[in-house]
Amino acid sequence: MKVLVASAEAVPYAKTGGLADVAGALPRALRRIGVEADLILPYYRCIGKDRFPLWEGPRDIRVPLGHREEPGVVEETEEADGGRAFLVRNDGYFDREFLYGTRDGDYVDNCERFTFFCRGVMEWILRSGRRYDVLHCHDWQTALVPVYVNTLYADMEPFRSAGTVFTVHNLGYQGLFWNHDLPLTGLGWDLFTPRGLEFYGKLNLMKGGLVFADVLSTVSETYSREIQKEEYGHGLEGVLYERREDLYGIVNGIDYDEWNPATDRWIAANYTAADLSGKKECRRDLLAEFGLPDREEPLIGIIGRLTVQKGIDLIEQAGDWLAAQPLRLVILGSGERRYEEAILELGRKYPGRVAIRVAHDNALAHKIEAGADAYLMPSRYEPCGLNQIYSLKYGTVPIVRNTGGLADTVRDADADPVAGTGFVFDEYDPGDMKDAVSRALAAFADRPRWKEIVRRGMEKDFSWEASARQYVDLYENALRKRGRKG
Ligand code: ADP
């Protein structure tokens, strides 16, 4: 079976969040279990000429956009394991400082940029002679691919029997644009209906993926159920409910080559569940990094995009309370200006107790995972969440809200004293969060119990192989829908 994974970001090329971790690791995981998998993404400025060796191939494309054509070039590079990655290049669209926009908002031509990318993928497949059994698309930036496969390109040989799988990593970002952008996509107005890509008078690209792909998935079981309901559906709950027979939840695997305290190259000392002495050194290193004094109190880490999704307003509302507890807080994040300002203010108010770094800093993210005692993730919603799973591996006890992938990966240690791996709270409410933090503090004070919770978390295995095998089942399912044997 031959699969093309299309994504707007993928490690090690370009990353803003978990999507990149998944889109980078999945093709490699598939190759390890014998599936031929290629990756395709835009060629952004951050990818740079020198970081990856690029090959020449049949690489020029001309991409129809409305009444004109935009030229592009598809570069090819070899991945560390020998696989192929393709980079769709058009400097006008992608040679920019950020992937999607600045902290003040999205780039205004995002519809055009990602329409170019999707249609570029289609044109490149036609032109390059490469043939894929399944096109696996991720999030709104690639959602037009399944639409094209079933409309404008439906009669063309490479697409006639190609299965399409569309994975939702975050329903909060749908690629919503004004209706005047529709002609740019080349799609007819007949698709601009509530059964197609129309969404309350606007063009909704993610909806296109949800309507047209053969098989749908999202990144945890719980989230796959939540998004069929109004509270988490962001207006698309009806479409998702209608397609519930084709909607699956597969929890993300973790790239343990990158995120493993036994081998991590970013941290002060390596350690394992059997010998945690290295974690103490990581803790000292993290305290020094943030200029915090070394005390017995637990150190709680937070890493993430600072957006409404991540529950930063709960941290803000509980800030005074948190600062008054026997704990210290280190926060690494970047994102929306108002949340950046809110956490910076917290850091200014409580120096020595709350330390803030507004940045995107992968090395520091590793140091926090290794050096913190606990990890707080109070998300409003969380499709899967990676940091809580990294935290388990690093012996950093997660305190999470009972939603989406957080609910599927962390067990409350009070509710389940035998198998609990963290602390879980239900309501999106500062009171509930404080209660979970208090329960974690009480457990921390009981050293043997805490050690046991740490050990259980470190023993959990979220490696990619199991998830990759589940994706193969979805690919086979998509092929069956196309009348082909899986
Ligand atoms: P999301 O995809 O919603 O951003 P996830 O928990 O699934 O959330 O994945 C977030 C990923 O991005 C993790 O690998 C995390 O370490 C990383 N990350 C997020 N913010 C930062 C940051 N400011 N600096 C470094 N890494 C970050």
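## Ligand contacts

A polar side-chain atom of Asn387 is 3.4 Å from an oxygen atom of the ligand. The protein covers 94% of the ligand's own accessible area of 560 Å² (Shrake-Rupley method, 1.4 Å probe). A polar backbone atom of Gly18 lies 2.6 Å from a ligand oxygen, and an N or O atom in the side chain of Lys15 lies 2.9 Å from an oxygen atom of the ligand.

This is a predicted model, in which local features need pLDDT of at least 70 and side-chain atom pairs count only at pLDDT 80 or more, while totals for chains, interfaces and linings use all residues. Residues are numbered from 1 along each chain as its sequence is written, and side-chain values use heavy atoms, with hydrogens and water left out.

## Ligand shell

The ligand is surrounded by 23 residues (a heavy atom within 4 Å), of which Gly18, Arg305, Lys310, Ala359 and Leu386 are the closest. The shell comprises 7 nonpolar, 10 polar and 6 charged residues (Ala, Val, Leu, Ile, Met, Phe, Trp, Tyr, Cys and Pro count as nonpolar, Asp, Glu, Lys and Arg as charged, the others, Gly among them, as polar).

Domain 1 (2-253 + 465-481) and domain 2 (277-461) each supply at least three shell residues; the bounds come from an automatic or database domain assignment.

## Second largest pocket

The second largest pocket has a volume of about 460 Å³, the space filled by probe spheres set on grid points joined across faces, edges and corners. A pocket is an open set of points on a 1 Å grid over the protein atoms alone, where a 1.4 Å probe fits, with protein on both sides within 12 Å along at least five of seven lines; lining residues have an atom within 4 Å of a point.

Its lining has 15 residues, with Lys280, Arg283, Asp373, Phe444 and Arg447 closest to the centre. By class, the lining divides into 4 nonpolar, 1 polar and 10 charged residues.

## Backbone features

Most residues other than glycine have a negative phi, and most peptide bonds are trans. The peptide bond between Val11 and Pro12 is cis, with omega about 10 degrees. Asp139, not a glycine, has a positive phi of about 60 degrees.

Technical notes: Polar contact = N/O pair within 3.5 Å; in protein donor to acceptor, adjacent residues only side chain to side chain.
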